[in-house]
There are 2 protein chains.
Amino acid sequence: MPSLSVFTDVPLAQKLEGSLLKTYKQDDHPNKMFLAYSVCMTKEGQPWVSSMVRNIRLQIAQDPSLNYEYMPVMGMNSFIQASLSLLFGKNSQVIMENRLIGSCVPTESYGLIFQDLGFSVYEYSFWDSTKLCLDPSMLLDVVEVEVPRSETLYLQQAPRGCVFVMGNVTNCKLSQSQWIKLMSTMKSKRIFPFFDIPCQGLSTGDLEEETRFLKYFVSRGFEFFCSQSLSKIFGIYDEGVGILVVVALSNELLLCVLSQLMNYARALWLSPPSMGARIITSILCNPALQGEWKQSLEGVVDNIMLIKEKVKEKLRLLGTPGSWDHITEQKGPHSYLGLSSQQVEYLVKKRHIYIPRNGRINFTCINACNIDYITQSINEAVLFTKDSEK
Amino acid sequence: MPSLSVFTDVPLAQKLEGSLLKTYKQDDHPNKMFLAYSVCMTKEGQPWVSSMVRNIRLQIAQDPSLNYEYMPVMGMNSFIQASLSLLFGKNSQVIMENRLIGSCVPTESYGLIFQDLGFSVYEYSFWDSTKLCLDPSMLLDVVEVEVPRSETLYLQQAPRGCVFVMGNVTNCKLSQSQWIKLMSTMKSKRIFPFFDIPCQGLSTGDLEEETRFLKYFVSRGFEFFCSQSLSKIFGIYDEGVGILVVVALSNELLLCVLSQLMNYARALWLSPPSMGARIITSILCNPALQGEWKQSLEGVVDNIMLIKEKVKEKLRLLGTPGSWDHITEQKGPHSYLGLSSQQVEYLVKKRHIYIPRNGRINFTCINACNIDYITQSINEAVLFTKDSEK
């Protein structure tokens with residue numbers, strides 16, 4: 001080599017995620033399966049796409065009146081307005097008072113972004129593996145107890161003044177009084193809320209219900225960030241559509257935040273991609289289409305519940321030890337199987353069923369073709385570990 | 001206000017660009033016009049779109065075999081391969097030797113990104129306002145002369161070990177020996193080249209010719225980055241399509257760089273948008289469509305030359321003092337008018353013709369409807385400043 005490479009000292013970056021998927025792909029066992037896809041799958045094992053999306057895509061392509069000029073740096077205004085209505089409702093207080101802004105964002109991996117910005121990132125799970133349920137009191141504990149700043153090496157509790165990212169918080173089923181407790185603790189500890197809404201509507205089919213807690217925070221005078229991904233609830237996976245919402249106490253404060261966001265957006269993508277935003281806007285701004293879309297979402301939710309019921313029933317028929325009610329008590333496509341790490345390991349190693357160490361799978365990956373193999377394998381894993389305990 | 005806002009100390013960000021466009025928009029003069037759009041315009045004053053793009057978009061929307069799953073984190077592989085072929089040619093040495101990688105990028109504003117990463121950014125222009133031409137010797141001067149690191153406050157020269165971003169370098173018309181001189185200086189000063197190809201083909205219509213210099217750098221054993229924007233040469237402005245290419249001395253070195261890039265891509269956009277990439281791949285991978293697209297590009301180039309000839313001719317007929325040959329001697333849509341800042345100010349303030357301070361305009365913004373007003377205004381500006389010199 002004639003000259004020295006400038007890349008000589010570039011270290012191999014640690015793989016950030018996807019190693020489970022990679023191992024799955026490298027496995028050549030005929031029965032291998034992957035139950036951790038992030039998107040909803042159809043009964044045929046294909047990524048779900050809302051029924052009208054293909055037609056709308058076609059209509060957009062046929063529309064001679066559309067131009068394909070650069071989008072505004074913050075994204076299509078009509079798209080942002082439609083997304084905000086979905087999150088906060090049409091007659092929301094913050095929208096009326098001009099106390100929020102939305103900007104298109106193409107991202108999903110907050111942990112990585114916060115890390116890159118120099119934050120220390122800690123992950124919390126509110127799954128109680130003994131009681132086999134998502135436990136709101138674990139969430140309250142994390143927020144409540146006061147820890148001095150110096151003891152942040154291994155954080156059991158959220159420190160004063162931190163940013164607290166909450167994803168899928170509806171699945172945690174906080175009571176009214178628990179919400180109030182959470183908010184007053186967050187306020188007194190000056191904890192800044194960052195809500196992540198990855199798939200509004202997919203837990204219950206009721207879009208409004210699933211973001212109602214945002215209104216609580218608004219009415220209690222909170223400022224917060226909220227990111228909403230729309231890719232998964234329309235089935236537009238190849239466009240990465242979503243918005244970032246900033247809620248502030250007044251419109252004047254927002255102007256400065258807006259100016260900062262615009263500079264970031266300008267530097268990072270200049271003009272956000274439009275296709276996904278156009279499809280979603282066409283659907284949300286047409287009441288008939290919006291109704292049809294909501295129905296298609298409800299279909300997904302019904303199907304998720306049906307799969308969970310079937311899994312539970314199959315395990316009951318197999319006589320698998322334990323109650324499996326926790327499967328149907330959890331909402332949404334992603335739920336905990338309630339298996340120990342030893343049982344998970346058995347499924348991966350012996351049965352080639354790839355699931356994360358915490359046992360949280362995507363139930364829509366289970367269908368008529370694989371449900372028997374999966375439930376029999378779970379049964380085996382449970383019996384095997386029961387035997388080895390003796 | 002009951003509580004203190006966390007946004008109280010957020011400063012209003014300085015507007016990074018677009019203030020000329022903003023002033024133009026706020027102007028309510030009936031004859032106002034903006035000659036600094038970044039994209040090519042048609043004779044009708046609309047953003048140019050390559051003729052087959054609309055049809056391809058329709059075909060893609062109609063294709064039942066396409067799925068809309070997440071893209072690979074680095075982008076559609078067929079799109080990257082097609083873009084690399086456009087840059088380096090099909091049988092290129094680096095492609096054969098696996099010494100380059102490409103990744104989809106949605107960005108255009110390098111200055112801002114480098115600034116955010118902590119670099120000091122200096123801008124150079126190689127327009128000689130006395131000789132009225134782009135002067136390659138000014139480029140050579142900037143790279144050549146050695147400056148100690150401490151004197152970097154106002155940099156006339158590129159310091160040893162810097163990253164040197166070169167955009168539209170073909171328009172500078174370096175001779176073979178000037179290229180060789182440039183490369184040997186860059187090598188000895190360990191200057192890292194970063195080429196930006198914003199609109200390959202729009203200077204001459206000859207795509208291969210305009211990136212030939214990349215082969216010089218490859219054959220001299222350079223490592224470099226190269227960004228290629230494809231939005232403007234297909235007329236897909238709303239999707240921001242482009243790639244970032246990394247050329248290294250060996251395939252082994254690339255693996256580490258690739259792992260780093262993948263982590264950035266995963267954190268920033270997870271899955272790049274696909275529509276623009278799909279359209280471009282469909283065109284580039286079909287020889288007949290590729291030929292048709294190249295013809296449409298040549299049409300744009302011919303039109304640019306025609307507009308420049310007409311502007312020159314109109315100024316000649318008006319008897320405007322000075323030679324205006326520099327207008328037709330420059331290639332591409334964006335060229336210097338060769339006006340003083342006083343003349344530019346006259347055009348903006350008195351005639352409501354919005355052009356940047358350096359007088360570099362987009363000639364495709366001139367059409368049959370506005371050419372007389374523009375040339376008469378230039379004539380007035382030149383005569384006015386001549387008078388005021390007396």
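Some ground rules. This is a predicted model, where local features need pLDDT of at least 70, side-chain atom pairs count only at pLDDT 80 or more, and totals for chains, interfaces and linings use all residues. Residues are numbered from 1 along each chain as its sequence is written, chains are lettered from A and ligands numbered from 1 in the order in which they are written, and side-chain values use heavy atoms, with hydrogens and water left out.

The domains. Domain 1 of chain A covers 19–49 + 294–385, and domain 2 covers 53–289. Those bounds come from an automatic or database domain assignment.

Now the interface. Contact (heavy atoms within 4.5 Å) links 21 residues of domain 1 with 20 residues of domain 2. The two domains bury about 1,800 Å² between them, 68% of it on carbon and sulfur atoms. Buried area is the accessible area (1.4 Å probe) that two parts lose on being put together, summed over both. Leu297(A), Lys331(A) and Tyr336(A) supply 29% of the area that domain 1 buries against domain 2, more than any other three residues.

Last, the domain 1 side that touches domain 2. Two elements, α13 (287–317) and α14 (325–329) of chain A, each give two or more residues. Helices here are DSSP runs (H or I, at least four residues), numbered from the N terminus. The largest share, six residues, comes from α13(A).
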